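Let's take a quick tour of a protein chain, from its overall build down to a few side chains. Keep the viewer open while reading.

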Amino acid sequence: MGVLGTTQVLTDEGYIKISDLKVGTIVMTHSNRYLKVVNKKISKLSEDLYKLDVFLSVPLYVSGSHLILTDKNETLTVNSIKKKSCVVVYCFNYNEATFYDVEVKGICIVPSKDEFVYDLRIEGDNSFIGNGIVLGGMI
């Protein structure tokens with residue numbers, strides 16, 4: 001499970017590609033706190049790759065079993081998310097960071113070939129912001 005290496009993760013230094021993150025990097029979590037990455041996993045994609053389009057965010061390419069935070073404060077796997085469901089995104093509004101519940105515009109399986117996916121474990125709060133969307137970290 002994981003996201004493609006081009007996914008932009010929100011850190012205390014701005015957005016950085018997940019493929020460039022290192023253990024020890026400080027990232028934003030769903031609890032609006034910056035915490036440390038304690039583990040980074042890279043693996044070959046072994047399941048369907050999904051393209052998730054939500055309002056207020058760029059598309060996210062993610063494995064079907066990766067966790068995502070919903071508007072009901074539940075973490076669900078991406079492959080169980082439906083169009084018009086709501087997920088949580090993080091954005092800046094008038095110089096203030098805010099979490100919003102936004103509708104999924106589209107979700108579909110996309111062709112993938114020899115892709116690698118990345119996942120993170122975060123100290124004390126196993127979530128991170130990828131392409132603006134609140135994602136669950138490693139189980």
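## Overall build

First things first: this is a predicted model. Read from the N terminus on, the elements go β-β-β-β-β-β-β-β-β-β-β-β-β-β.

As for dimensions, a box of roughly 35 × 30 × 20 Å along the principal axes holds the C-alpha atoms. The radius of gyration is 14 Å, and a compact globule with 139 residues would come out near 14 Å, so the two agree. Contacts also reach along the sequence: taking those between residues at least 6 apart, 54% join residues at least 24 apart.

## Inside and outside

How much of the protein chain counts as buried? The figure is 45% of the 139 residues.

## Salt bridges

Side chains of opposite charge can pair when their charged atoms come close. Searching the whole structure for such pairs turns up four salt bridges. One of them joins Asp125 and Arg33, at 3.9 Å from N to O. This pair ties together distant parts of the chain, 92 residues apart. Asp125 belongs to the loop between strand E12 (116-122) and strand E13 (127-130), while Arg33 belongs to the loop between strand E4 (26-28) and strand E5 (34-44). Arg33, with 42%, is partly exposed.

Lys51 and Asp53 meet through their side chains at 3.9 Å, N to O, and Lys51 is partly exposed with a relative accessible area of 25%. Asp71 and Lys72 also form a salt bridge, with an N to O distance of 3.9 Å. Here Asp71 is partly exposed at 31%, whereas Lys72 is exposed at 60%.

Most residues other than glycine have a negative phi. Which way does Asn73 go, positive or negative? Its phi is positive, near 60 degrees. Asn73 sits in the loop between strand E8 (67-69) and strand E9 (75-77). With 61% relative accessibility, over the 50% cut-off, Asn73 counts as exposed.

Asn131 has a positive phi as well, near 55 degrees. Look for Asn131 in the loop between E13 and strand E14 (133-136). At 11% relative accessibility, Asn131 counts as buried. In short, both asparagines are loop residues, but Asn73 is exposed and Asn131 is buried.

Methods. Residues numbered from 1 in each chain as written. Predicted model: local features only at pLDDT ≥ 70, side-chain atom pairs only at ≥ 80, totals over all residues. Heavy atoms only, no water. Helix = DSSP H or I, 4+ residues; strand = E, 2+ residues; numbered from the N terminus. Buried < 20%, exposed > 50% of the residue type's maximum accessible area, 1.4 Å probe, protein only. Rg over C-alpha atoms; globule rule 2.2 N^0.38 Å. Contact = heavy atoms within 4.5 Å.
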